[in-house]
Structure formats: C-alpha cells, structure tokens
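Subject: Structure for you to look at

Hello,

Here is the structure I said I would pass on.

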Amino acid sequence: MRWIMHVDMDAFFASVEQLDNPEYRGKPLIVGGRAHRGVVSTCSYEARKYGVHSAMPIAQAQRLCPCCIFVSGRMWRYVEVSQQIMKIFSEFSPCVEPLSIDEAFLDLSGMEHLVGDITALGPKIKTRIKEATGLTASVGLAPNKFLAKLGSDLRKPDGLVIIKPEEARNFIAPLPVNKIFGIGKKANEELNKIGIFTIGQLAVCDKIYLKNILGNNTTLVQNLALGIDDRQVENSREPKSIGRETTYGDDLLTQKEYHDALWNLSQQVGWRVRNSGLVGHTVTLKVKYRSFKSVTRSVTAETPVSLDEDIFALVEKLVAQVKWAEPVRLLGVTVSKFATAGELVLDFAHDEKREKRNATLDALKNKFGEQIIKRGK
Ligand code: TTP
Ligand code: MG
C-alpha cells in the first residue's frame, strides 16, 4: 500500500524573519522588494488577511497594507533552514523529492513494518521540524502525490491532513475544481460554464464534455478527480547526470593534448558514476573553443557504461564528430540516462578483469582522494 507525504513550510521566508526577529512576530510582514524586482516573495499570515500574496507588486501590497513591515530578505538564511528541513525529511524516508526550497514529497510506502502506524508520522515530522527549526510546517499524508499535496495545502498554516485511500474520493468530491493543479483560471471558468464546480462533478462528467476544455489532459485530470495518481516520488539522490568539465589554463592545441584531457575527464566521471552505484546509457562531450563557440555531442549506447575505458570509448566516437580546427579552452564529459548497476550486473560479467581494475582504483581514490592516482593509457 502506497503512502506519500507532502511537507510544505508555512509562509517560509516570512516565518524565518519572524523567528530571527522577535519584534516581527504576530505582525503583518512582507518579504520582497529590490532584490526581487519589486514583487512580494511571500508574506506572513497576518499580512495575508489584507489580501497580500506572493508575486504581487510591492506598491500594491503597500496600498493594501500600509501598516505592513517590509524586509528585503536574506536568501542565505532561507537556504540554511531549507537544508535543515531536507535533512529531517531524509531521516523519515530514504526516498525524498524536493519540489522547492520549502517543500518535498516523501515516499513512506512499506514503512508500516518499521513504524507500525504510518499516520503517526504526520504529527511526528511536524514536531521534529518545530523542535529543530522553531518553524511550523503543513503536512498532507495520502496514498498518492496529488492527494498529499492537496492535503498539505488545505489546512495551512500548521495543518495536518491525512487522507485514507478508502476516504479519498468522498474527501475531495466537495472541493472546487481549481484545487486540481493544472486547472488554471481559464479552464476553471470553462468548467464552471458547463456547470462543473466541484471535483466530484468533474469525476463523473462524461469525457465528451471535458475534451473541449481539457484536451489531451482529460483522462489524467479526471483520474485525479477520482483520487487516482500513479506518479512516483523521484528520489533526488539519484542524479539525472554526472559530469565533469575543465577550463584549461592554456588552450589545448594538439590531438594528444585533448586526447589525454578527455581520458582524464572520463576517469573522473567514471569514478563518480560507479560510486553512485549507477551505469549510464548516454555519454555527452562538450567542447568550447578559444572563440567561446561551443558544441556538444551525445551518443547513447545499448549497453550502459560506468567503467573508465567504456566511457572513454564513447567519448572517442564523439571526438570524430567534432571539428578540432580551433584551439580548445574547455572540455566536458557527462554520463546520463542511468540505470541502477545492480540490476544490470550480469551484463558486464564478461569483463571481470577490467571491472576489478576499476574497483581497485576506486578503492584507492576513495581512501586517499581522487588525486592519488591517474592512469596512463
Ligand atoms: P510557498 O511554499 O509557495 O509559500 P510560503 O511558504 O511563503 O507560504 P505557504 O504557507 O502558503 O506555503 O513558497 C515558499 C517560499 O518561496 C516563499 O516563502 C518565498 C518563495 N517564493 C517566492 O519568492 N516567490 C513566489 O512567487 C512564491 C510562490 C514563493
Ligand atoms: Mg510554503
């Protein structure tokens, strides 16, 4: 059974300011201004009563709430608190997908074996965040991403909404259709025109009427209205790509120079890929010339790679596709389109010797640092 949690901090930047500056507490406070091109970043819940909201021009906010306190914000501090909460999330689940500076999805599926009652994690994470940071968060706990995010938003600030699978459909039925993300102002108006105001009405409406308004998204949106959403929590710890690039002090001129440089980069990338337990299908070469013009070329191999030699072999293929008439100031090698190494381990059983050699070098680099060893070719 799936359990997804969505956690979102309340009035995040403004709450941090109120935490650090006790004189702002309980007062309408607006964060924004110069550094944010004259718009409101966010405001405290006290200021929201006046109709102030994110992205509103500062001048308009001043008119709505002349008694508001305005501060321009301290990004470094918000990043610091963000790192604190992300660390807490990782204590609760190995699978965390951050969505922005103050929110994330956590996949808690299967954790009943560890914690017993998963719903108890809702109040627990709120307490943990409050104790560690002094701030409140709103939490939605539900069988999928859509319901979890909807839940965290519903009782802000300091909210907790738990939606059990068997209750989901009835729970969301009375809510307005614009609670479904993707239904913007225009779609909302169009739906209202044909008499659809609630998620429940949308759920049972014949697709024929919805097609004109929702187009290709009709089935997707109607599934959401039924409380169905199969999207996975994408674990951020699995990177989408791993790459290294180097700008050379002296431009590279000869074939030998860029050949050696690319072998070097392939080793740096290979080590990182293997340390992440990954193997990748795609290798990308980036070349920037003295003129600052740059080209990138990619190749996708059927068998994924992680060994230095295999990465370099694909790089060499790409080298043939690039012009080397000009001096080169930067080179980059990236591996992407990952599969997990464990799943594919049989695929490289054929080359145990090379694998062992890479593993030995990796162990040395892990122990003594990357600079300990570089291989000749
Ligand atoms: P949100 O979570 O959207 O807003 P919030 O945390 O301030 O308030 P809520 O209680 O409704 O969640 O965004 C998180 C932070 O991102 C917010 O504190 C400031 C910043 N932000 C902007 O700078 N500009 C914007 O337009 C939005 C929406 C957010
Ligand atoms: Mg927030």
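The protein has 15 helices and 12 strands. Its radius of gyration is 26 Å, well over the 21 Å that the globule rule gives for 377 residues, so the protein is more spread out than a compact globule. Please keep in mind that this is a predicted model. Along the principal axes, the C-alpha atoms fill a box of roughly 65 × 45 × 45 Å.

Some totals for the protein come next. Of the 377 residues, 46% count as buried. The exposed surface comes to about 19700 Å², and carbon and sulfur atoms supply 53% of that area. Taking contacts between residues at least 6 apart in sequence, 63% join residues at least 24 apart.

Now the metal site. Which residues coordinate the magnesium ion (ligand 2)? They are Asp8 (OD), Met9 (O) and Asp102 (OD), at 2.0 to 2.2 Å. Along the chain, these donors follow the spacing D-M-x92-D. Asp8 and Met9 are both buried. Why is the arrangement around the magnesium ion (ligand 2) called octahedral? There are 6 donor atoms around the ion, and the angles they subtend run from 78 to 178°, which makes the arrangement octahedral. For six donors, that label requires opposite donors to be over 155 degrees apart and all others to lie between 65 and 115.

Next, a helix. Helix α7 covers residues 145-154 and is mostly covered, with 7 of its 10 residues buried. The buried ones are Lys145, Phe146, Leu147, Ala148, Leu150, Gly151 and Ser152. At the start of α7, Asn144 has a side-chain oxygen that reaches to within 3.2 Å of the backbone nitrogen of Phe146.

Last, a single residue. Val305 lies in strand β11, which takes in residues 294-305. Is Val305 buried or exposed? Its relative accessible area is 6%, so Val305 is buried; the cut-off for buried is under 20%. Leaving aside neighbours within four places in sequence, Val305 is in contact with Val273, Val279, Gly280, Val283, Asp310, Ile311, Leu314 and Val335. Between Val305 and Arg2 there are 303 residues in sequence and 33 Å in space, counted from C-alpha to C-alpha.

Regards

Technical notes. Residues numbered from 1 in each chain as written. Chains lettered and ligands numbered in written order. Predicted model: local features only at pLDDT ≥ 70, side-chain atom pairs only at ≥ 80, totals over all residues. Heavy atoms only, no water. Buried < 20%, exposed > 50% of the residue type's maximum accessible area, 1.4 Å probe, protein only. Helix = DSSP H or I, 4+ residues; strand = E, 2+ residues; numbered from the N terminus. Polar contact = N/O pair within 3.5 Å; in protein donor to acceptor, adjacent residues only side chain to side chain. Donors = N, O, S within 2.8 Å, 3.2 Å for Na, K, Ca; no water. Tetrahedral: all angles 85-135°; square planar, octahedral: opposite > 155°, others 65-115°. Contact = heavy atoms within 4.5 Å. Rg over C-alpha atoms; globule rule 2.2 N^0.38 Å. Areas by Shrake-Rupley, 256 points an atom, 1.4 Å probe, with all protein chains shown as cover.
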